Amino acid sequence: MHITIEEKALLSGEAGPAAQKAMQILETLGRIYGAEKMIPVNSVQVSGVSYDNLGEAGLAWLSELADGGGKAQVFTTLNPAGMDVENYTALGIDETFAENQRRVLAVFEKLGIITTCSCTPYLFGNLPCFGEHIAWAESSAVCYANSVLGARSNREGGPSALAASLTGRTPAYGYHQDAYRQPTLHVEVKADVLTNPDFGALGKAIGDHVQADPAPRVPYITGIQSASLENLKSFCASIATYGGVALFHIPGITPESGAYHAPTKKLTFTQSELDQAKASLTNASAEEVDFVSLGCPHLSLREIQRIAQLLQGKHVSKEFWVTTSRPVKRMADRMGYTATIESAGVKFATDTCCVIAPIKGRFNALLTDSAKACYYAEAKNRFKTRLRSFDDVIKEALE
Ligand code: F3S
């Protein structure tokens, strides 16, 4: 791998021990994956923010980097944390956890990282351009950046994304290269795909099929007529979760699709297969639901506006979290949506989410519109699940 004079200086510790450690991580990764060189990145998104995941060992590692002079060299934001720093008491998060989570955020701040914590950083200014090389860690955001924005990122882990932030570089392999972005499988959809659960079910169906394939998984998907930003973020979360997919192309919708033709290897999904995939994400009855959450991935302002419209003058009967980023919440505050939603008995869980917050075993069954939330509700938090459309989630929460 070609290492520049500047990179050699980082490796020799000239810029301090944190930059040296970061460069060592990137060089090792580059050699493992056969990168020929490093490339500059302008945007980073770091995962591994919840104290629940990090523990004292993770926090000590971050502190060592901060004490070793580590500073973000490029615009860097964080993935969701374990709690909403402004509303954790209402969400049932205890003071011990809160104190530890604040310690984590303080170290990230010392590292020069912007401490808004979200899986949809593209909704508030961490928005890479077409063709831009970036180093993001959250799987749904990586899939969105590659597929919908046409930016170029591998699925970084927390440490490698942080190393990219501290050096402004990443090794040039995988999805940074043209060859890796070619579609490998034609997915023909012969079904109505309209709502977030429809897109989530499609992501699950494709994901279940490709997840055992060690080759790059880049579906070229035909049969989708239209998709909103919100549908696409939901789809990205699902296909990344169930299939490890970091890039797809949809003719007429995603920006790189025009550069390719449909591969000969083909899969077809019919309405009954998608209905089956959707049904498999519900194993709880309406009566069993005691927890409702919208915002996986984090909500857009348009979605919060819709919630406010549907809840105006009403009151929900169950614990109900709305999860979004702090900047989007601030806009909702200004527009009066927050006040309307909170007066309906719904809680904002800002900069966190129903998967990452430490709530394992606290509820019986989750009602959501997110296929990804269903996956982790069962796998991590041990909740039953009920998948419904965005509007139907709100309707059921009012019953
Ligand atoms: Fe985001 Fe949490 Fe879902 S990180 S994609 S809201 S699991």
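I began with Asp 351, which counts as buried because its relative accessibility is 7%, where buried means under 20% relative accessible area, exposed means over 50%, and partly exposed lies in between, with a 1.4 Å probe and protein chains only. This is a predicted model, in which local features need pLDDT of at least 70 and side-chain atom pairs count only at pLDDT 80 or more, while totals for chains, interfaces and linings use all residues. Residues are numbered from 1 along each chain as its sequence is written, and side-chain values use heavy atoms, with hydrogens and water left out.

**Backbone entries**

I placed Asp 351 in the loop between β12 (347-350) and β13 (365-368), the helices (H or I, at least four residues) and strands (E, at least two) being DSSP runs numbered from the N terminus. Asp 351 has a positive phi of about 65 degrees although it is not a glycine. I then looked up Arg 382, which also is not a glycine and has a positive phi of about 65 degrees. Arg 382 lies in the loop between α13 and β14, and I noted it as exposed because its relative accessible area is 54%.

I also checked a peptide bond, the one from Cys 296 to Pro 297, and found that it is cis, with omega near -5 degrees. Pro 297 belongs to the loop between β10 and α10.

**Ligand entry**

Which residues surround the ligand? I listed Pro 80, Cys 119, Glu 138, Ser 140, Gly 295, Cys 296, Pro 297, Cys 353, Val 355, Ile 356 and Lys 372, a residue being near a molecule if one of its heavy atoms lies within 4 Å of it. Both residues of the cis peptide bond, Cys 296 and Pro 297, are therefore in this list. By class, I recorded seven nonpolar, two polar and two charged residues in the shell; Ala, Val, Leu, Ile, Met, Phe, Trp, Tyr, Cys and Pro count as nonpolar, Asp, Glu, Lys and Arg as charged, and the others, Gly among them, as polar.

The ligand takes up the space of the largest pocket. A pocket is found on a 1 Å grid over the protein atoms alone, as an open set of points with protein on both sides within 12 Å along at least five of seven lines, and a molecule sits in it if more than half of its atoms lie within 2 Å of its grid points.

**Core entries**

I turned to the largest nonpolar core, which has 57 residues, a core being a set of buried Ala, Val, Leu, Ile, Met, Phe, Trp, Tyr and Cys residues joined through side-chain atoms within 4.5 Å. Those with the most contacts inside this core are Val 44, Leu 62, Leu 78, Phe 108, Leu 111, Leu 162 and Phe 291. Among the elements that give two or more residues to this core I noted α1 (5-11), α3 (51-67), α4 (95-110) and α13 (371-379). A second, separate core of 40 residues includes Val 148, Phe 199, Ala 201 and Val 245. In soluble globular proteins, nonpolar side chains tend to be buried together.

What does Phe 108 contact, leaving aside its neighbours within four places in sequence? I found Val 46, Gly 48, Val 49, Leu 62, Leu 78, Ile 113 and Thr 115, where contact means heavy atoms within 4.5 Å.

**Single residues**

Ser 300 is in the loop between β10 (291-294) and α10 (301-311), and it counts as buried because its relative accessibility is 5%. Beyond four places in sequence, Ser 300 is in contact with Leu 123, Glu 230, Lys 233 and Val 328.

I found Ala 308 in helix α10, where Ala 308 is buried, with a relative accessible area of 5%. Not counting residues up to four places away in sequence, Ala 308 touches Tyr 337, Thr 340 and Ile 341.

Is Lys 384 buried or exposed, or does it fall in between? I noted Lys 384 as partly exposed because its relative accessible area is 32%, and its place is in strand β14 (residues 384-387). The C-alpha atoms of Lys 384 and Leu 281 are 103 residues apart along the chain and are separated by 9.2 Å.

My last entry is Ser 139, in helix α5 (residues 139-149), which is buried, with a relative accessible area of 14%. Not counting residues up to four places away in sequence, Ser 139 touches Arg 155, Ala 240 and Lys 372, and I had already listed Lys 372 around the ligand.

Terms used
On a 1 Å grid over the protein atoms alone, a cavity is a set of points where a 1.4 Å probe fits but cannot get out, and a pocket is an open set with protein on both sides within 12 Å along at least five of seven lines; lining residues have an atom within 4 Å of a point.
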